[in-house]
Amino acid sequence: MGEGTGDAPTAAHGRDHDAELGAAVERARHGDEDAFARAYRIVHPGLLGYLRGIVGEDAEDVASEAWLEIARDLGRFRGDGAGFRGWTATIARHRALDHLRRVRSRPRPTGIEQDVLDLPAQGDAAGEALDALSTRHALALVAGLPRDQAEAVLLRVVVGLDGPTAARVLGKRPGAVRSAAHRGLKRLAKQLKGRGR
């Protein structure tokens with residue numbers, strides 16, 4: 001199930017598809033394979049970008065494991081499109097952490113995981129800076145953040161989760177997640193400004 005992503009969607013882009021995603025997931029729960037394929041196409045690019053931030057080059061393999069679990073357990077899922085994105089992100093995160101344990105490596109010391117939530121306003125320099133970067137370059141920069149900040153930014157910007165959902169995925173308080181995302185984006189903006197972008 002590993003197809004390329006191109007540029008990852010922004011948080012707003014992901015939320016724009018929530019109604020369509022919710023309808024597709026509901027049909028997929030009742031055995032509609034085309035609907036499952038549609039849900040996959042909506043969710044997969046952001047999920048793959050998130051996994052690249054955690055496990056790097058192994059993201060495709062981890063995503064495949066996550067999608068197998070998602071497909072297996074889809075009948076038990078209850079919720080809307082936004083809930084489905086959060087549910088899939090939680091499964092992907094668990095698969096990524098299992099993968100990291102299997103290869104006996106710790107997540108990047110400057111990686112992702114304390115707390116994360118509301119991003120700065122649209123006109124904020126950090127958000128504009130991220131929008132101007134290619135996905136690969138952005139993920140490389142995000143990987144250089146402290147782990148809590150990186151995962152918060154990935155869940156909010158790449159996967160497109162809202163603050164409370166990102167907090168549930170991480171098992172953190174919303175305020176802590178919001179703070180980590182804000183600090184991460186400020187740090188990225190400062191790095192970009194220093195590089196003349």
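**Entry 1: α3 and α4**

I started with the pair α3 and α4, whose axes come within 9 Å and cross at roughly 140°. Axes here are lines fitted to C-alpha atoms, for helices over the stretch in contact, with angles from 0 to 180 degrees between N-to-C directions. Helices are DSSP runs (H or I, at least four residues), strands are E runs of at least two, and both are numbered from the N terminus. I noted α3 and α4 as oblique to each other. On this scale, under 35 degrees is roughly parallel, over 145 roughly antiparallel, 65 to 115 roughly perpendicular, and the rest oblique.

The crossing of α3 and α4 is right-handed. The near helix is turned clockwise from the far one by less than a right angle in a right-handed crossing, and anticlockwise in a left-handed one.

Next I listed contacts, meaning heavy atoms within 4.5 Å. From α3, the residues that meet α4 include Phe36, Tyr40, Leu47, Leu51 and Val55. On the α4 side, Val62, Trp67 and Ile70 are among them. By class, I found 14 nonpolar, one polar and two charged residues in this contact. Ala, Val, Leu, Ile, Met, Phe, Trp, Tyr, Cys and Pro count as nonpolar, Asp, Glu, Lys and Arg as charged, and the others, Gly among them, as polar.

**Entry 2: ground rules**

The model is predicted: local features need pLDDT of at least 70, side-chain atom pairs need 80 or more, and totals for chains, interfaces and linings use all residues. Numbering runs from 1 along each chain as its sequence is written, and side-chain values use heavy atoms, with hydrogens and water left out.

**Entry 3: the whole chain**

I counted elements: ten helices and zero strands. Of the chain's 197 residues, 50% are buried. Buried means under 20% relative accessible area, exposed means over 50%, and partly exposed lies in between (1.4 Å probe, protein chains only). I also checked contacts between residues at least 6 apart in sequence; 78% of them join residues at least 24 apart.

**Entry 4: α4 and α5**

I moved on to α4 (residues 59-73) and α5 (residues 81-102). Their axes come within 9 Å and cross at roughly 130°. That makes α4 oblique to α5. The crossing is right-handed.

Which residues of α4 meet α5? I found Val62, Glu65, Ala66, Trp67, Glu69, Ile70 and Asp73. Their partners in α5 include Phe84, Trp87, Ile91, Arg95 and His99. This contact has nine nonpolar, two polar and five charged residues.

I then looked at Asp73, which lies in α4. Asp73 counts as buried at 9% relative accessibility. The Asp73 side chain makes a polar contact with the side chain of Arg76, at 2.8 Å. A polar contact is a pair of N or O atoms within 3.5 Å; within protein, one must be able to donate a hydrogen and the other to accept it, and residues adjacent in sequence count only if both atoms are side-chain atoms.

**Entry 5: α2 and α3**

I took α2 (residues 18-29) against α3 (residues 33-55). The axes come within 7 Å and cross at roughly 140°. This crossing is left-handed. In α2, I found Glu20, Leu21, Ala24, Val25, Arg27 and Ala28 in contact with α3. On the α3 side, Phe36, Arg38 and Ile42 are among them.

**Entry 6: links across the sequence**

Pro45 is in α3. I logged Pro45 as buried, at 19% relative accessibility. Pro45 and Val159 are 114 residues apart in sequence, but 8.0 Å apart in space, C-alpha to C-alpha.

I looked up α8 (residues 147-159) as well: 13 of its 13 residues are buried. Gly160 follows α8 and has a positive phi, near 85°.

Arg93 is in α5. Is Arg93 buried or exposed? Arg93 is buried, at 5% relative accessible area. Arg93 and Leu170 are 77 residues apart in sequence and 8.5 Å apart in space, C-alpha to C-alpha.

**Entry 7: Thr165**

I finished on Thr165, in α9 (residues 163-170). Thr165 is buried, with 9% relative accessible area. The Thr165 side chain makes a polar contact with the side chain of Asp162, at 2.6 Å. A polar contact of 3.1 Å joins the side chains of Thr165 and Arg168. Leaving out residues up to four places away in sequence, I found that Thr165 touches Ala82 and Gly86.
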